[in-house]
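The following note comments on charged surface regions, strand pairing and salt bridges. Please read the points alongside the sequence and the coordinates.

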Amino acid sequence: MIKLWSTFFVVTLLTCFVANNVAEQCSLSAKGSPNFPANFSFGVATAAYQIEGGWNADGKGPSIWDDFTHSDPEKIRDKSNGDIAADSYHRFEQDLQALKELKVNHYRFSIAWSRIYPTGDISSRNQKAIDYYNHVIDKLIANGIKPMVTMFHYDLPSEIQKIGGFTNSLLINQFVVYAIELFENYGDRVKTWITFNEPYDYCHNGYGDATYPPQVYAPGVADYLCIDNTLKAHAAAYRSYQSRFAKTQGGKVGITLDSRYFFSKTNDEDVIDRAMQYNLGLLAHPIFSKTGGYPDVMIMDIGANSQKEGRIRSRLPSFKGKWRDIVKGSADFLGLNYYSSRYIKPASKPNGVSPSWERDFNCDASIDPKWLRAASDWLYCVPEGLEGILKFIRDEYDNVEVIITENGWSDDGTGLIDDDRIRYLKSHLQAVLNAINDGCNVRGYTTWSLIDNFEWLRGYTEKFGLYAVNMSSPNRERTAKKSAGYYREVIQKRQIPSLF
Ligand code: NOJ
């Protein structure tokens with residue numbers, strides 16, 4: 001009997017220790033007011049290829065993600081694809097039901113370019129697709145949910161890829177024509193537009209290390225060209241909105257950038273700044289800084305490296321003619337996707353291959369083994385990093401308006417009791433509130449994701465949803481996880497409830 005009791009005692013003690021430890025790892029203490037501002041907007045996000053399915057329904061044309069998952073299924077961890085996914089194209093009502101339950105203020109979703117223009121070009125305009133998104137937008141508005149629309153979330157129409165995709169400057173005009181189509185059809189009701197989602201990722205992975213479609217392996221060259229054309233396409237779309245729609249429609253146009261925040265074990269401010277410029281700054285500096293153009297540190301390094309490689313000009317394009325001014329100031333807000341952070345130090349030996357972004361950056365990143373890890377191997381809970389990056393944006397970019405357009409936690413989908421996701425949510429909301437209390441101009445927060453979905457190279461093995469999706473049922477039923485209830489309470493109270 002004594003033995004039994006002592007075992008019980010040890011197990012209880014251990015459980016408490018582990019629970020406390022986990023809580024400590026993924027928490028942040030409060031500074032200042034416990035209330036979110038009255039007009040602060042809470043939402044959830046998804047993206048077309050990850051949830052819609054209906055990959056060739058009603059005249060939709062193929063995108064590079066359709067092509068890639070069909071031709072190289074072994075490159076997706078579970079050999080899956082987005083052909084059906086959560087079938088949101090046919091089951092939007094189920095998503096709407098979840099959105100209503102959560103009582104979100106906004107819903108961020110993306111429009112599939114190759115639905116609207118199956119070949120990427122206006123000549124293929126598809127009315128059925130225009131109608132589909134009209135229906136989605138109308139239903140959201142009828143239920144008091146503001147639509148926040150991403151125009152491009154990785155799924156480039158295949159026909160545009162055939163002529164070089166983001167490495168061909170023709171894309172700038174093609175994107176503007178597509179953007180104008182969206183402003184004309186939906187701008188009476190959509191007041192928050194995001195041109196591009198995470199350009200660093202689709203450029204670096206698509207044209208640098210070639211792990212994403214279009215799998216062009218030209219590191220340190222084509223990835224920078226992709227970023228350059230993205231910035232110009234974004235700015236040209238923004239300028240079109242300003243001159244033709246802003247007055248009558250009164251909406252805002254921004255771009256969503258992703259970045260980690262960086263810490264230094266030796267308090268080396270220079271290396272922190274270098275890391276921020278190479279990650280967030282590469283795209284943010286040309287748009288949001290006072291001077292415009294790429295960050296000085298990148299212009300200098302990449303220029304010098306290019307010269308050493310025997311080139312006659314830098315691999316980092318320079319904005320020629322008026323482009324620098326067109327891009328500078330071309331956004332009403334910065335959409336921020338924040339997931340995790342790293343420690344950083346100057347590289348001990350040359351990083352990556354030559355040439356590449358990695359070699360140009362030339363820093364070593366590491367993690368703190370105490371950080372709590374999600375199902376995704378890159379995702380650690382570091383809420384201090386969100387507070388840090390928001391303050392960096394406040395100081396570096398003149399306190400521009402920020403909307404957090406993604407932040408979320410993955411699990412392996414084995415249960416509905418997702419306490420770690422709740423810890424992550426709670427601590428990151430605290431980071432946002434602390435930053436607001438410290439003068440940061442943050443206007444909204446968006447959890448990734450409303451429902452479990454196709455997580456790119458990880459297929460359906462890593463799940464970010466507040467709602468689980470029954471992938472083995474044709475009806476794809478959505479079921480609330482515990483975190484959905486927690487988030488609903490946040491939204492109702494406009495405060496951060498204590499845990500459990
Ligand atoms: C950011 C991307 O925008 C989204 O598509 C992805 O699923 C999440 N990160 C999680 O990796």
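1. Helix α12 (residues 269-288) contributes the most to a negative surface patch, with three residues; helices (H or I, at least four residues) and strands (E, at least two) are DSSP runs numbered from the N terminus. The patch is formed by E269, D270, D273 and E396. Patch members have over 30% relative accessible area and no salt bridge, and like charges are joined within 9 Å. D270 counts as exposed because its relative accessibility is 63% (exposed is over 50%, buried under 20%, partly exposed in between, with a 1.4 Å probe and protein chains only).

2. This is a predicted model, in which local features need pLDDT of at least 70 and side-chain atom pairs count only at pLDDT 80 or more, while totals for chains, interfaces and linings use all residues. Residues are numbered from 1 along each chain as its sequence is written, and side-chain values use heavy atoms, with hydrogens and water left out.

3. In strand β11 (residues 442-448), six of the seven residues are buried. Strand β1 (residues 41-45) runs parallel to β11 and is joined to it by five bridges; strands pair if DSSP finds at least two bridges between them. Strand β10 (residues 402-406) also pairs with β11 in the parallel sense, over three bridges.

4. R77 forms a salt bridge with E462, with the closest N and O atoms 3.0 Å apart (a side-chain nitrogen of Lys or Arg within 4 Å of a carboxyl oxygen of Asp or Glu). R77 is partly exposed at 48% relative accessible area, whereas E462 is buried at 2%.

Methods: Patches are made of residues with over 30% relative accessible area and no salt bridge: like charges are joined within 9 Å, nonpolar side chains (Val, Leu, Ile, Met, Phe, Trp, Tyr) within 5 Å. Accessible areas come from the Shrake-Rupley method with a 1.4 Å probe; for residues, only the protein chains shown count as cover. Lys and Arg count as positive and Asp and Glu as negative; His and the chain ends are not counted. The place of a charge is taken as NZ of Lys, CZ of Arg, CG of Asp or CD of Glu.
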